[in-house]
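Here is my notebook page for this structure, written up as I went along.

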Amino acid sequence: MADARWHLIERLFHEALMQSETARDGWLDAHCDDAGIRVEVRRLLAADAQLAQAPLLEAAVQAAARDVAASEVTSSNDARVGPWRLLHELGRGGMGIVWLAERADGAYDARVAIKLLRSTLASEELMRRFRTERQILADLDHPNIARLVDGGTALDGTPYLAMEYVPGTTITAWAEAQGLGLEARLQLFLRVCDAVAYAHRALVVHRDLKPSNILVTPDGVPKLVDFGIAKLLDATSADDTTDLRPMTPAYASPEQVRGERLTVATDVFSLGVVLYELLTGTQPFRKAGDDASSARQRILTTEPPLPSRLVSGGAHAPGRHVDAARLVGDLDTIVQTALRKDSVERYASVERLADDLRRHLDGRPLLARPATPWYVLQKFVGRHRATVIASVTGVALLVGATTFYTKSLQRARDVAEAERVTAEQTTAFLTDMFRRADPTRARGETITVRAALDEARVRLATDLTSQPAVRARLLQAMGVTYRNLALFATADTVLRDALSLYARLEGTAGGVGTASVLEQLAQVQVARTAAEGRVEEGRAFATRALAIRERIGDPLPLAGALRQLAAFQLQTSLDSARAAYTRALALQQRALTAEHREVLTTRYSLAMVALRQGRVQEAIDALREVHVTRARVLPRDDPQRGESANLLAGAWAQLGQHDSARVYYEEALALVQRVFGPEHVETADGLHNLATAVQAMGDRDSSIALLERALAIRRATYGALSGPVANTLMTIGNAHNIARAYRESLPWYREAITVYDAVLPSGHRSAYYPRFNLGIALNSLGRLAEAETVLREALRVAETSGGADAHTAPMTQHMLGEVLRGQGRTREAIAMYKTALDRLVAVVGPESFRVGHPAEALASLAAERGDHAEVVRLYRAYWPAVVARFPDDAAGLGTARSRFASALQVTGESAAADSVRMADPSIPSPR
Amino acid sequence: MPSLSNTLALTLAGRGQVMTAQADDDVSRLLLAWQAGDEGGLERLLPLVYAELREIAHRQLRNEPNAITLQPTALVHEAYLRLVGADFTWAGRTHFLAVAARTMRRILVDQARRRRADRRGSGAVQVTMPSLAAPQADPIDLLAIDEALVRLAAQDERKARVVELRHFAGLTLEEIAEVLELSIATVHRELRFATSWLAAELSTE
């Protein structure tokens with residue numbers, strides 16, 4: 001558990017305690033948007049409440065000590081509980097001690113297992129509940145379920161249960177001991193399923209299924225013990241939910257961990273865990289050294305590895321009996337389906353689970369399908385829980401904004417009144433929407449938010465038809481939420497509906513409502529841009545919104561509209577984007593303090609434009625200020641702090657200062673890992689970025705290790721055919737290139753190009769980089785014709801993509817120069833180098849290491865043909881750039897230096913030549 | 001916590017074997033060293049206090065077999081007087097209480113562990129449970145608490161110490177504040193959070 005997380009939990013715990021008990025849930029939802037942390041805080045609050053009634057710890061310490069004492073000083077051969085004589089202890093567990101016992105009165109000859117229950121409940125309460133449950137449990141009559149025989153309280157008040165005694169071992173141990181093969185394991189498991197299904201039909205949920213509750217007798221009969229006992233012991237079981245249930249974390253379901261209502265789906269999940277363990281010998285959610293909190297966290301967030309993958313790893317005992325190839329496909333799917341985080345996605349019943357297992361054994365197709373697009377989407381949203389919470393917050397903000405406008409407009413009393421009514425109705429509808437979403441109060445779970453939205457959409461089609469203003473606002477709120485859930489197409493549809501309503505309400509010229517919907521529509525297009533190239537449409541929305549905002553003239557919304565438009569201009573014209581941001585900044589600075597978040601955001605955008613236009617130092621200076629200010633005014637874990645750290649690192653990297661870049665990338669990575677955890681896409685970005693700095697510093701192995709982690713996360717999140725995956729593929733290629741292992745880099749670049757071409761609109765700037773780098777690799781391998789083809793393609797992309805960084809096209813020309821030179825086409829090469837040089841000087845300045853590349857190439861060509869004056873001229877003009885071009889290459893720089901010196905010597909400048917030989921870079925300035 | 005002390009007395013008496021305490025001035029010296037920041041002082045101090053606590057409990061039980069009056073603080077206080085003497089500073093006393101708390105915890109955990117080892121090792125059936133209060137008194141529980149406390153300490157040392165002082169030596173909030181040089185309000189907060197954390201942690205063991 002990270003330190004920050006711990007302190008946050010502690011702080012929220014104490015602050016929540018200061019709220020009234022009924023207000024705590026809502027307070028927590030509003031003050032913490034990390035669902036995992038909320039679960040922890042809620043558990044602590046529940047524990048705190050329980051402790052107030054039953055001081056667990058004192059009691060436990062006390063009782064433990066008493067037991068130690070008793071064991072030391074006394075003994076008895078005739079301990080009795082009710083009509084039972086205790087024979088010997090069988091085991092101990094979370095619920096208490098289990099004894100083997102027989103009838104003391106010899107009434108009949110039966111042995112039972114007596115459970116002496118430990119419970120925080122008063123024994124009267126437990127007994128009251130026991131009486132109501134006993135009949136139900138006693139009626140469970142199934143050959144594979146151990147019967148409940150009797151129950152009551154002992155003389156000292158300790159409650160006990162007498163159960164059918166099952167002399168057996170746990171199902172997993174038995175399968176191992178017998179060396180059962182796959183089929184026998186499945187048959188055994190199916191008998192367990194049948195027993196659980198029987199109990200479910202009798203409306204009894206086990207709630208604590210695990211191998212130690214599934215015993216197998218010596219003659220191979222599986223028996224389930226402790227059916228329904230977990231519920232009996234539940235401290236607050238009136239409504240089937242509790243936060244302090246003695247569950248076993250390794251086998252608990254997500255809803256159990258969250259303390260939500262438990263249904264048959266919980267048993268399906270636990271059976272899934274048992275099946276997983278039977279097939280692989282490993283518990284899916286267990287890791288050595290876990291504390292209970294990490295174990296719970298894992299159940300909520302981690303997808304366990306597929307059983308087949310685990311078995312094929314060969315590390316596990318059942319590998320001897322279970323063939324990995326047989327797990328691939330069906331059994332992987334069955335286990336996955338049983339273990340879905342969302343109970344709705346699991347098998348609807350144990351029968352369905354058993355049915356699919358039988359289908360597999362018979363070779364028939366399964367009813368469960370492997371991951372559907374919906375499931376994938378859900379996983380995506382699950383990983384973006386923060387966003388989902390943000391979406392709920394987004395709705396709240398919108399309602400807030402509505403009220404704000406209500407107040408600020410007040411042109412006429414009736415308008416204001418109408419607005420107020422609209423705002424109230426909007427709020428009421430939304431509140432209702434979320435209340436319906438989850439009867440136990442929404443805890444920010446994805447599925448319920450989406451379900452609520454879908455339901456609300458349907459309802460809205462018939463509700464409120466006479467109130468277009470309310471409907472428009474609701475559609476808008478829902479559109480924003482859909483967008484935040486990454487359901488862009490739906491968001492688009494809903495927002496367009498809102499737009500047409502506003503068109504009727506506000507006329508063709510449009511007002512605030514129209515403008516805000518247009519901006520939201522533009523934002524949806526931004527999100528769709530990468531995938532579908534909706535730049536033009538988005539820009540059209542943004543432009544229309546801007547026109548309305550200009551007319552109204554409110555400075556802050558106007559700045560917002562300018563920024564929205566600039567987001568599109570970034571793709572096409574950096575100069576226009578710069579102008580828009582500059583104007584937005586001026587507007588904001590008039591109304592807001594210099595440290596305001598929005599002001600910093602705009603300044604950040606301007607720095608980004610400067611960086612992409614090649615004004616690196618300017619970008620760094622600006623970014624440093626933004627970063628330092630954000631560090632001062634924003635919370636420690638604010639994502640914007642990671643954002644500016646990242647861009648700063650990128651800027652330093654452009655200057656070739658990879659050690660500085662590394663420092664900032666590490667800062668950013670630490671932040672995202674703290675906030676999002678190790679498997680999140682943001683973490684993948686951080687890993688990827690850090691890898692680029694590490695590889696530039698020459699550590700190929702570390703770099704590739706980081707990149708492979710990033711690649712795995714990105715593939716799992718975005719799919720194999722996606723821009724981020726292509727980017728990481730390319731960067732792995734770069735790691736090889738930098739280590740001069742050019743042959744090894746080729747396949748990575750080729751794959752990156754294939755993936756990019758599959759997902760990007762043609763001419764997108766991202767398609768440029770792998771081509772350029774592939775060109776470098778091919779050139780270095782002497783495959784010049786191929787290199788030329790690839791580089792010319794790269795150049796075409798760089799020239800046509802307005803959003804490409806300014807130095808890309810001339811750097812490509814430089815590389816083409818190298819290839820031409822290698823082919824002996826010297827004249828063409830010189831022309832190419834010269835163009836590259838001039839253009840680079842114009843965009844990155846005469847001292848950039850980039851300029852050093854063509855300058856050095858031209859100088860060496862001039863030396864070859866004996867044009868010493870030209871050598872001197874070039875070096876005089878670009879010597880710092882040439883030095884920067886050889887950062888770690890003393891030999892290369894030495895060659896340049898002696899070439900420079902010789903040229904100076906020949907042209908009659910002996911003194912200057914000596915200085916150059918003495919390696920003092922300050923000397924070769926013009927006389 | 002009367003029953004804790006009672007139990008402790010019984011437990012200690014039951015072991016039968018008693019070590020004698022070292023010379024008193026040893027304890028004072030070690031206590032001073034520990035107070036001055038010598039962590040090794042604590043390590044050398046513990047065995048002395050351990051032996052002394054057992055000796056006192058043993059003696060009390062011998063004189064009064066059904067003793068139920070033995071309070072942990074009284075026990076600890078007597079050990080203090082015997083080992084250190086009445087004229088030691090107040091700060092010395094609170095530090096002694098801290099040592100005693102750790103010692104208490106160790107005594108209980110050691111016993112629980114020994115018992116568990118017996119059960120596993122001999123394979124013989126122990127019928128040692130005449131009182132049905134026993135199921136509430138699961139030694140595994142104590143080990144679980146101890147392990148949870150170790151985890152808590154790894155996360156937040158101070159909270160674990162607050163729990164130790166409170167629950168293993170029965171110190172008042174004031175005394176804990178004194179030992180740890182905290183405000184009483186802070187001790188209260190720490191204790192509330194730590195206890196809830198442990199309860200939540202233990203509920204899923």
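Predicted model: local features only at pLDDT ≥ 70, side-chain atom pairs only at ≥ 80, totals over all residues.

**Entry: Glu793(A).** I counted 18 other C-beta atoms within 10 Å of Glu793(A). Being buried takes 20 or more and being exposed 12 or fewer, so Glu793(A) goes down as partly exposed. The residue belongs to helix α35 of chain A, which covers residues 784–800. I also checked Thr812(A), 19 residues from Glu793(A) along the chain, and found 9.8 Å between the two C-alpha atoms.

**Entry: helix α15(A).** Next I took residues 350–362 of chain A and tested the helix length. I then listed the buried residues of α15(A): Val350(A), Leu353(A), Ala354(A), Asp356(A) and Leu357(A). Viewed down the helix axis, these fall within an arc of 160 degrees, so they line one face of α15(A). What do the buried residues of α15(A) pack against? My answer is α7 (182–201), α10 (264–280) and α14 (330–338), each in chain A. Just past the end of α15(A), I noted Gly363(A) with a positive phi of about 75 degrees.

**Entry: nonpolar cores.** A reminder to myself: in soluble globular proteins, nonpolar side chains tend to be buried together. The largest nonpolar core here has 156 residues, and Ala607(A) and Ala649(A) touch the most other members. Setting aside neighbours within four places in sequence, I found Ala607(A) in contact with Ala619(A), Ala622(A), Leu623(A), Val626(A) and Leu647(A). Another core, of 70 residues, lies apart from that one; I spotted Ile171(A), Leu188(A), Val205(A) and Val273(A) among its members.

**Entry: chain B overall.** Of its 205 residues, 49% are buried. I then took the contacts in chain B between residues at least 6 apart in sequence, and 73% of them join residues at least 24 apart.

**Entry: helix α7(B).** I ran the length test again on residues 157–169 of chain B. The 13 residues should span 18 Å at 1.5 Å a residue; the end C-alpha atoms are 17 Å apart, which agrees. Eleven of the 13 residues are buried, so α7(B) is largely enclosed by the rest of the structure. The buried residues include Lys159(B), Arg161(B), Glu164(B), Arg166(B) and His167(B), along with Val162(B), Leu165(B) and Phe168(B). Just after α7(B), I logged a positive phi of about 65 degrees at Gly170(B).

Definitions and conventions:
Residues numbered from 1 in each chain as written. Chains lettered and ligands numbered in written order. Helix = DSSP H or I, 4+ residues; strand = E, 2+ residues; numbered from the N terminus. Expected span 1.5 Å × (residues − 1). Arc of directions from axis to C-beta. Contact = placed C-beta atoms within 7 Å. Core = buried A, V, L, I, M, F, W, Y, C linked by C-beta atoms within 7 Å.
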